[in-house]
Amino acid sequence: MSTTISPKNAVQVEASAEVKAVHQQMLRQQRLNRAATYAVAILLVLWILVPIYLIASMAFTTPAAVRAYPKGVLPFIPFSFETMNFFLQSEGIIPGVINSIIVAIITLVLSTLIAAPAGYATSRFLFPGRDFYRLSVLAVRAFPIVVLSIPLAVVFINLGMYDSVYSLALMHTALALPTTILVIGSVFASIPFELEEAAQVFGCTPFEAFRHVVLPLVLPGIAAAAVFTFVMSWNEVFAASILTVQNRTLPAQVLAVLGQSSEPYQFAGAFFMMIPALIFIFFIRRYLFNMWGQVSK
Amino acid sequence: MNEEKQSTQKKRKKINWAPYWLILPSLIYLALFFIWPMFRGLGLAVYNDEAALSLQTEPSRDAATAGTLPQGTQVEILDQQGNLIPPDEAGQANVITEVWYQISAEDADGNTVEGWVSESRIRVREENEAGAPTAGSVRTRIGAGDTLTEVYSEPNENAEVAGQLEARAEVAITDQSILEIWYQVRGEDRNQTVEGWAQSRYIQVFGETNTGRIDRGNTGQFTTEYLSKMVNDRFFWPATITTFLLMILIIPVQFVLAIVMALVIQARLKGNSLFLYVFTIPLGISELAVGILWFSIFTQSGFLNSFLQTTGLINTPITFLSADTRYWIIIAIWLAEVWRATSIVMVIVVSGLQAISDEVLEAAELFGASLWQRVRHVILPMLKPSLQVALILRTILALQVFAVVIALSGGDVVTVLANETYRQYSEFRNANVAAAYAGLILLISMGSAVIYLRMIRSQEEMAA
């Protein structure tokens, strides 16, 4: 018996040594891969962050330091609010900021109010024409802003609604609506219908079930969509430049004077326009995948 | 049995209207602010609302048509007539009216003069409760040798002169008439003389002479005028070429970079959520801000020159962004766009990757597939639907690059189609040519989407 076992044992011992070696090699390989992945990740992070850091350093220093050449290797020195103050006190900036905020808030409210029922309908009901509706919304999403702005400007002139923040908000709502419908649809779809049914079984009316069960669950997602709409409207420059003349939004104002403005003005302006993105994207980053993942389904 | 069947049939036939009511507001909104303007825009590009003016045989809206003259035709003005129109019609938009006052006053010799004077000759000093003028004085005529103002027996300059008043003479206004002025004009269209009457708002009169031109027509016509204006514009070809060049330069690099980013996210490193945040930041940054940001790097006293100079690589700053170094501007736009718009592709790719089950990837890894093999044979084929969507979306977005170009080139040295749309509208005040550019962008967007879809389908057919 022992004679039959011992060769087997020997083979096993030999094999385990080989496996160990392979295993170790694989581990080493894996560690190497991981280190390489980290290196790539850090490079990519630097690629994104270094330009932002550079412009931020220009926004928070003295105008003299902005104009200096060569610029310091370590900007932010001297640290100062002078450049930013200069930008904010320039003509048309504060009204521009106020206009931008008004437009963005109207857009946000209007698009959420219109999109929420539509999103609910597409996720809760299987109705004839549903796929066609979703497809049309997607197709509309793909149309360029440039194409819409000119005819809307002409229409608004004829209606006497030109150069108004409200008209611009109507246009921005049209731009935001398709995305908002799809996103809110996906948010509703992620809440099982059984929850609503269960609430109704326990005696809630359909409205109560919606109000007390579904709404608290979807609110964060809808809020994220609304925040994204806000950022989109805040950033939008083409339609804003076409549709407003006196009542310019912030990007339209900066663009209009870009050719005649000084570098401190431009750099501080650029960083100021980035602030909402830096703050809001942090809060909604998880929902971004809901939003754009939806588009590809 | 039969009854049961009928009842189920009835149930099936009953349509649930709730979802339709819920989607209705969005449909109305999109129709109003998306689909209608889209068609209106295409119309602006190929249709001239004011292409021709139809002339009438009599100075009246109800008169027969005498013929038409195209917009811009030089005309002789033969006669003029003011038609009385009721006050309620005078308020209508687009009706240009002239008001005449019936007055009575004393002339220089002390005679009472009664008659009609145009509104432009009287400064109103008193009005009654209804807002109608009751008294005024004759305006002084600056620079005119003849200081007397003529009073006519009828509200018409061709009428008999009832008297003359000196400047500043006090007048009592007893009545007013609202007139619509008509001109009798004669012009030539394709060697045929056309003569007839038209309202004053269509005619631009040259000075005091008896000539003028058709300022705008009242009937529309299809025209290729705007399209040919666009194609013959000196910025058209540079803009078209640069737009396509940028698309070809930007999109492939973006896709490679986005897939690398997505793989990094998929590797679930420590601090993954931080990486995710950083990679998605550019998604929310305004195009204009990105343009300025890269301008701060490439401008003559910018960061790139500063870096090269402090490290001793150069002695004098290089001029990157000038008309002589267009390729540097293109490179700057390229970097700015790759920096800004890769995030969106990354997000789509990541959500596509999440749909691929981990088992598939692990299996591939277990069988000894290298990273490249995994990407090439497992990940890319499974990502195809996401990549397709990202490709269409990116192409359409690439056609809209606008503020980045203005920030980095000033809009003249290097230009793109979206910038030309803006220029035609804002600088040249030509909405029609701008609409033609916009239509071209729409055409390219739709064309490229169709081509992508076709390409992918034909590949699938070949595979099958």
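**A tour of chains A and B**

Start with chain B of this predicted model: its mean pLDDT (the predictor's confidence in each residue, from 0 to 100) is 84, and 92% of the residues score at least 70. Residues are numbered from 1 along each chain as its sequence is written, and chains are lettered from A in the order in which they are written. Local features need pLDDT of at least 70, side-chain atom pairs count only at pLDDT 80 or more, and totals for chains, interfaces and linings use all residues, while side-chain values use heavy atoms, without hydrogens or water.

Colour chain B by confidence. Helix H1 (residues 2-13) of chain B has the lowest mean, 52, and helix H7 (residues 287-298) of chain B the highest, 94. Helices (H or I, at least four residues) and strands (E, at least two) are DSSP runs, numbered from the N terminus. Where pLDDT is low, the predicted coordinates should not be read in detail.

Next select 52-223 of chain B as domain 1 and 230-463 as domain 2; such bounds come from an automatic or database domain assignment. The C-alpha centres of these two domains of chain B are 60 Å apart.

Go to B:Ser177, in strand E10 (residues 170-189) of chain B. B:Ser177 has a relative accessible area of 8% and so is buried (under 20%; exposed is over 50%, partly exposed in between; 1.4 Å probe, protein chains only). Leaving out residues up to four places away in sequence, its contacts (heavy atoms within 4.5 Å) include B:Trp100, B:Trp116 and B:Pro155.

Finish at A:Ala268, in helix H12 (residues 263-295) of chain A. A:Ala268 is buried because its relative accessibility is 0%. Beyond four places in sequence, A:Ala268 touches A:Ala59, A:Thr83, A:Met84 and A:Phe87.
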